[in-house]
Each structure stands twice: as structure tokens, then as C-alpha cells.
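Me: I would like a close look at a single helix in this model. Take me through what surrounds it, with the cut-offs stated.

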Amino acid sequence: METKVWKVDPQFPDPKVIAKAAEVIRRGGLIAFPTETVYGLGANALDENAVLKIFAAKERPPWDPLIVHIFDLTMLEHLVDEPPENFHKLAELFMPGPLTVVMWKKAKVPDAVTAGLPTVAVRMPNHPVALVLIEASGVPIAAPSANKFGRPSPTTAEHVLHDLAGRIDGILDAGPTQVGVESTVLDLTKIPPVILRPGGVGKEALEKVLGEVLVATKILEVETGLPSPGMMPRHYAPSVPVILTDGNPSELAAAIEVLKSQGYDPNQIGVLMPSGWLAGIEGVVTFDWGSWGNWDELAQKLFVGIRWLEMQKISAIVAPLPPPIGLGLAIRDRLTKAATPKDEFSSESKKSNCKCQGKTL
Ligand code: TXA
Ligand code: MG
């Protein structure tokens, strides 16, 4: 199939173009669209056949459930019976925004969306194009990130085309996304609530509203025996190995020296390089990642940098790990998953045991 690319203004998208894309959604097709985090690949969440096309296009395993995107809180009526009390406080502060909330689902939400789980993940994206698309479609939109399964998430329409051209009906291209890493996935069916995936809303901000919040750090196997997705150890991965170092210039330089001593040519080594850290490091291929300490900026450029470096014919990517502060937690999570070797993915993913800050779920 030919994938149509519609350029739209990120603030004031042309309603005629949105109407065309919404028509594709209503007819059961697939549209990639920008959110404030990353590009999503959308289908009508209430149409099981449409949802199955997402899995086919992405080559996503059926056990990995999707996030359902809503335009406003009235759309929740399709998805959940009664949101938990603490949901409303979160909605007031973070919706629209980069927060996804997992709640008990209504029976009519197709199993394909939730991978058979009794819960559904809901989010109201903070991007005019996403919001008007959902509104014009008149249905909640199920949308994972618009990349092939396991690859880094797309923050531009070009990234989407690279992975999915010819497999989806169209893309609304509104330029690069703002946040750059995906939403925080928060499970509100647990007491205390559990962050299943760190993301655009920091743990500190959630704790101000909810009190204690746990962070799931290992593969979670839920009651049904299915692994909770996005928690696979290997994910967001480029085609070359990723090597992580402590977050300071001398550790980064030392890791590069180790690679050279192992026989790597400097021009085979790609580096996510914080501004001003280059002194003394020569010949390597660098992506100017941004100011160390500005975790928002580093998050925004993370997947752009990884995708750009892997296009430069390098054989390894080296990156320093930020501290787990604000969006630093999400960056650490994505880099750690990108750095997990392939063989560990298959064996680890079978060992299931969720340790939440020392507590086993
Ligand atoms: O920012 C984002 O969240 C982007 C944009 C497009 O909205 N979407 C995104 O979707 O990152 P995806 O499919 O790449 O990641 C969804 C995550 C997965 O880790 C999945 O396991 C988790 O949400 N998830 C979805 N439904 C769930 C459920 N019922 N219970 C637990 N986790 C769930
Ligand atoms: Mg994804």
C-alpha cells in the first residue's frame, strides 16, 4: 500500500486534512500521528480488526497491549466503568500530558487492545494534531509508538517512514515531537500505584499527588501470566551494540579507550556526546546530545541521536547514563533497555519476577 504523507501545522492543522485522516481511522485503517512524546500508530480502539492491523504493521507480538488515546474525559465511558478516586486528581494536573493510566477495563474494549488483560491503559495526548484527530474520528484511538517492534521510538515522520512506509495508510507530519521519550505508564489498579514505565511525567511529580509510588524495575508477570510489556529487558534498540558509562566525561573517555584497545577504529565508535565533553576524545563520530543536566533536552534528542548514529556506519554506540532525576529516570530506562544484548532478551524475558523497590509484586 502507498503511505500518504500529509504535512500539517503542529498548532493549527488544516481541518480538511484531519478529516481525511479521521475517515481512514473510522474505516478501520492505520494513521501515524504526532503526540507530544513520540509519533503513535493509530487505529479505532473499538474495532478489533483495525487494532490487529497495528500488530501486523509493527510486527508486534500480540501479548504487548496498546495505549488508548482519548480526546476528553467523556471518552472514558467507552473504556472504564468507574475510574479510581485518585485518577481525577491526576487528570486535573496531567491530562492532557505524557501520562498513561492503567485502570480496570470495560468488557467492550477488544482483547486485542489489552492483550487479554483485565486492564486498559488510557492517555490524553498533549498535542493539537493528536487531539483534533481523535475528536474528528469520534472514537478512542489505540496507538503504540509508530516504530517496528523493539526499535527506538520515532520522534519525526521520517523515522516513521523508515520503519513503516508501505505498511500503513498515512502519516500526519507535524515536525519533531517535544518530549522525545514516551509517556509514563502508571498502574492505578495497584496500591500503592506502580510506575510500569518511567516517562514524560516524573516520579516526583506523581508522588506529590499520590503519596508513595513504586517503580517496577524488572519484568512484571501479571496475574494472567503475561509479561507486562515495555518491560522486556531489550527494547528501543538500534542495530549496533550500546555501551553505557557513568555520567561523567572521564568515564566516557575511558569507555572509548577500552573499545579502541579492543580493535575498534575511532570512526566506528558513535557517541551520544553531551555538549562540552569532547575535549581529549578524537576521531569518534559524535551526536551533539545537549547540555548535561538539562534532562528535558537530552530526552528530546535521545531517539533522534540513536537513530542518527546508527545511520553513520558505526559499530557501537557509547552513552553516559544520567542520574534518575526527572526525565533522567526515563532516559536511563530507555538506554538500559537499548544496551541489553539480544541473547539476554530471550532468556531474561522468561524469568519473570517484578521487584518494586525491594518489594515483590
Ligand atoms: O508516549 C507514549 O506512550 C506513546 C504515544 C504514541 O502515546 N505510546 C507508546 O506506546 O509508547 P507503546 O505501545 O510503545 O507502549 C505502551 C506501553 C507498553 O509498555 C505496554 O506494555 C504498556 O504501555 N501497557 C499498555 N496497556 C497496558 C496494560 N493494560 N497494563 C500494563 N501495561 C500496559
Ligand atoms: Mg513502543
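Reply: In α1, the buried residues are Val 17, Ile 18, Ala 21, Ala 22, Val 24 and Ile 25. Buried means under 20% relative accessible area, exposed over 50%, and partly exposed in between, with a 1.4 Å probe and protein chains only. These residues cover an arc of only 155 degrees around the axis, which puts them on the same side of α1. The arc is taken from the directions that run from the helix axis to the C-beta atoms. On the other side of α1, Pro 15 and Lys 16 are exposed.

This is a predicted model: local features need pLDDT of at least 70, side-chain atom pairs count only at pLDDT 80 or more, and totals for chains, interfaces and linings use all residues. Residues are numbered from 1 along each chain as its sequence is written, chains are lettered from A and ligands numbered from 1 in the order written, and side-chain values use heavy atoms, with hydrogens and water left out.

Next, the helix itself. Helices (H or I, at least four residues) and strands (E, at least two) are DSSP runs, numbered from the N terminus. Helix α1 takes in residues 15-26, and at 1.5 Å a residue its 12 residues should span 16 Å. The expected span is 1.5 Å times one less than the number of residues. The end C-alpha atoms are 16 Å apart, which agrees. At the start of α1, a side-chain oxygen of Asp 14 reaches to within 2.9 Å of the backbone nitrogen of Lys 16. Gly 28 follows α1, and its phi is positive, near 95 degrees.

What covers the buried side? The cover includes β1 (4-7), β2 (31-34), β3 (39-44), α5 (128-137), β7 (141-142) and β8. Among these, β1 and β8 pair in the parallel sense over four bridges. Two strands pair if DSSP finds at least two bridges between them. Val 5 stands opposite Ile 171 in β8. The open sheet has 11 strands, in the order β1-β8-β2-β3-β7-β4-β6-β5-β9-β10-β11, with mixed pairing. Its edge strands are β1 and β11 (214-215), and each pairs on one side only.

Now the core. A nonpolar core is a set of buried Ala, Val, Leu, Ile, Met, Phe, Trp, Tyr and Cys residues joined through side-chain atoms within 4.5 Å. The largest one has 68 residues, and those with the most contacts inside it include Leu 41, Ile 168 and Leu 172. The largest share of this core, six residues, comes from α1.

Methods. Contact = heavy atoms within 4.5 Å. Polar contact = N/O pair within 3.5 Å; in protein donor to acceptor, adjacent residues only side chain to side chain.
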